[in-house]
Amino acid sequence: MINFKTIIRIIGVLLLLETVMFICCSGVSWYYGESDIVDFWKAGAVTAGAGLLLAALGKGGERQLTRRDGYVLVSFAWIAFSLFGMLPFYIGGHIPDITNAFFETMSGFSSTGATILDNIESLPHGILFWRSMTQWIGGLGIIMFTIAVLPIFGVSGLQVFAAEASGPTHDKVHPRIGITAKWIWSIYAGITGLLVVLLMIGGMGWFDSICHAFATTGTGGFSTKQASVAYYNSPYIEYVISIFMFISGINFTLLLLFVNRKFGKCISNAELKWYFWSVVSFTAVIATTLYYTSPMNAEESFRKSLFQVTSLHTSTGFATDDYMLWPPVLWGLLTIIMIMGACAGSTTGGLKCIRMVILTKVSRNEFKHIIHPNAILPVRINKQVLSSSTVSTVLAFCFIYLVIIIISTLLMMAMGIGFEESIGCVISSIGNMGPGLGECGPAYSWSALPIAAKWLLAFLMLLGRLELFTVLLLFNPEFWKRN
């Protein structure tokens with residue numbers, strides 16, 4: 001039986017936390033003397049009222065969460081945060097359409113970064129700050145952030161962590177998941193703070209530095225400028241953000257091991273090796289192509305390639321150049337990067353490199369099995385044998401991922417959208433990338449898409465952020481049965 005009362009109460013507390021975030025953003029509005037401070041107060045009042053009501057209705061629930069409860073909590077928490085998170089945009093008339101306001105907010109909390117805004121610089125500072133904060137909070141996970149809240153209800157955060165965490169395996173470096181989450185959040189905040197300082201050294205103002213640091217470590221890609229990072233025309237800023245995008249694409253438990261000086265485990269990690277050499281290989285190929293086919297010199301070709309590869313590999317979505325003006329073969333390479341994604345256990349989207357490693361080893365074993373039919377060939381990752389159930393889950397995930405892309409692309413085309421734009425938007429949304437292809441590329445917003453397409457893509461963002469199964473399980477009648 002689903003423990004609805006406890007779930008409702010926890011979501012109520014989460015909404016009260018979101019109210020605190022609105023108050024923080026209103027402080028930014030007050031600092032700049034802008035009228036959107038009232039928008040945050042109104043949004044905060046509505047959100048706080050709903051939070052208190054849900055918390056009251058949830059009294060008397062069982063002080064225990066099952067794994068099934070975790071899936072329900074994560075999915076509904078993300079939807080609730082996005083529904084109430086759109087209020088500052090909508091109430092103030094900054095995004096006067098509900099569809100667009102929800103799309104922009106879901107894009108933020110899912111750390112996708114796709115936008116419907118055509119004049120970002122016209123927005124007040126408080127709204128821009130909230131827009132960036134949604135990505136920072138959503139990047140590592142609202143639920144990871146609130147695991148510290150769960151002990152108040154006497155429940156374990158493990159079920160919630162399993163439902164929210166990305167990737168086929170979930171590493172724990174401490175037997176108590178709450179302690180692990182706090183350590184990871186400390187690293188997350190530390191990386192963000194360091195990036196703010198480095199960007200300010202590069203000449204970026206404190207406000208833009210904080211917003212871009214939020215979007216970089218959250219791998220979201222919302223910029224305070226319509227032209228994204230290209231606005232600054234600074235090689236220093238591009239290199240700094242490239243490095244921090246790469247770092248943010250690494251499994252945070254590995255970063256925690258690195259901080260604890262367990263360098264051997266980090267260097268020998270199979271997924272990290274795949275991720276590193278993938279970035280190196282794609283950057284080298286694209287840089288070489290640009291050098292011989294564009295007026296860019298060697299350094300600029302390398303810099304633009306490195307930035308765009310890390311931006312799409314980590315599903316950040318920042319842009320320093322319009323890659324739709326590059327040779328078409330590079331569009332294909334960038335699309336492969338978008339599908340692949342970075343490491344599991346990071347803030348990124350996509351299939352994740354660990355699944356690519358597993359698929360590669362499974363395929364290699366199949367060739368060996370043809371030659372040696374009686375051989376027992378286990379799949380080993382980091383010297384550990386994966387269970388058959390884990391391998392099956394990975395294969396099922398990749399198959400469903402592909403099927404969803406195909407079906408969604410066909411639905412987009414049925415709405416009158418071109419193939420290039422359709423497949424680009426779908427891959428970008430389910431992979432939480434941001435920019436797509438064609439007229440939905442890095443130089444354009446997604447404002448011209450039909451209303452139905454925006455709701456479909458917002459749903460895909462949620463699916464991709466919560467790793468498909470968490471959301472799709474809710475549509476299975478078996479999931480809701482008492483036993």
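Contact, in this talk, means heavy atoms within 4.5 Å. Helices (H or I, at least four residues) and strands (E, at least two) are DSSP runs, numbered from the N terminus. Now the ground rules. This is a predicted model, with residues numbered from 1 along each chain as its sequence is written. Local features need pLDDT of at least 70, side-chain atom pairs count only at pLDDT 80 or more, totals for chains, interfaces and linings use all residues, and side-chain values use heavy atoms, with hydrogens and water left out.

Let's start with helix H15, residues 298-313. The expected span of a helix is 1.5 Å times one less than its number of residues.

Is H15 mostly covered or mostly open? Mostly covered: 12 of its 16 residues are buried. Buried means under 20% relative accessible area, exposed means over 50%, and partly exposed is in between (1.4 Å probe, protein chains only). The buried residues of H15 include Arg 303, Lys 304, Phe 307 and His 313. What covers them? The cover includes H11, helix H14 (270-293), helix H16 (328-340) and helix H17 (353-371).

Look at the two ends of H15. At the start, a side-chain oxygen of Asn 297 reaches to within 3.2 Å of the backbone nitrogen of Glu 299. After the helix comes Ser 315, with a positive phi near 60°.

Next, one of the covering helices. H11 covers residues 235-248. Its 14 residues should span 20 Å, and the end C-alpha atoms are 20 Å apart, which agrees. Buried residues in H11 include Ile 237, Glu 238, Val 240 and Phe 244.

Side chains of opposite charge can pair when their charged atoms come close. A salt bridge here is a side-chain nitrogen of Lys or Arg within 4 Å of a carboxyl oxygen of Asp or Glu. How many does the structure hold? Seven.

Here is one. Arg 303 and Glu 238 meet through their side chains in a salt bridge, 2.9 Å from N to O. Arg 303 lies in helix H15 and Glu 238 in helix H11, so the pair ties together parts that are 65 residues apart in sequence. Both residues are buried. There is also a network of salt bridges, linking Glu 238, Glu 299, Arg 303 and Lys 304.

Another pair is Arg 355 and Glu 467, at 2.7 Å from N to O. This one links distant parts of the chain, 112 residues apart. Arg 355 is in helix H17, and Glu 467 is in the loop between H20 and helix H21 (469-472). Arg 355 counts as buried because its relative accessibility is 4%. Glu 467 is buried too, at 7%.

One more: Asp 208 with Lys 225, where the closest N and O atoms are 3.8 Å apart. Asp 208 sits in helix H10 (residues 206-217), Lys 225 in the loop between H10 and H11, 17 residues apart. Asp 208 is buried at 14% relative accessibility, and Lys 225 is buried at 16%.

Now to a database record. An unreviewed UniProt entry annotates Thr 112, Gly 220, Thr 316, Asn 432 and Met 433 as "binding site". They span 322 residues in sequence, yet no two of their C-alpha atoms are more than 7.9 Å apart, so they gather at one spot. A caution: UniProt positions are given in the numbering used here, feature names are shortened, and annotations may be inferred rather than shown by experiment.

Take Asn 432. Where is it found? In the loop between helix H19 (419-430) and helix H20 (451-465). Asn 432 counts as buried, at 2% relative accessibility. Its side chain makes a polar contact with the side chain of Thr 112, at 3.1 Å. A polar contact is a pair of N or O atoms within 3.5 Å; within protein, one must be able to donate a hydrogen and the other to accept it, and residues adjacent in sequence count only if both atoms are side-chain atoms.

Met 433 is in the loop between H19 and H20 as well. Met 433 is buried, with a relative accessible area of 0%. Not counting residues up to four places away in sequence, Met 433 touches several residues, among them Thr 112, Gly 220, Leu 312, Ser 315 and Thr 316.

Last, a contrast. Ile 376 is in the loop between H17 and strand E1 (380-381). Is Ile 376 buried or exposed? Exposed, because its relative accessibility is 79%.
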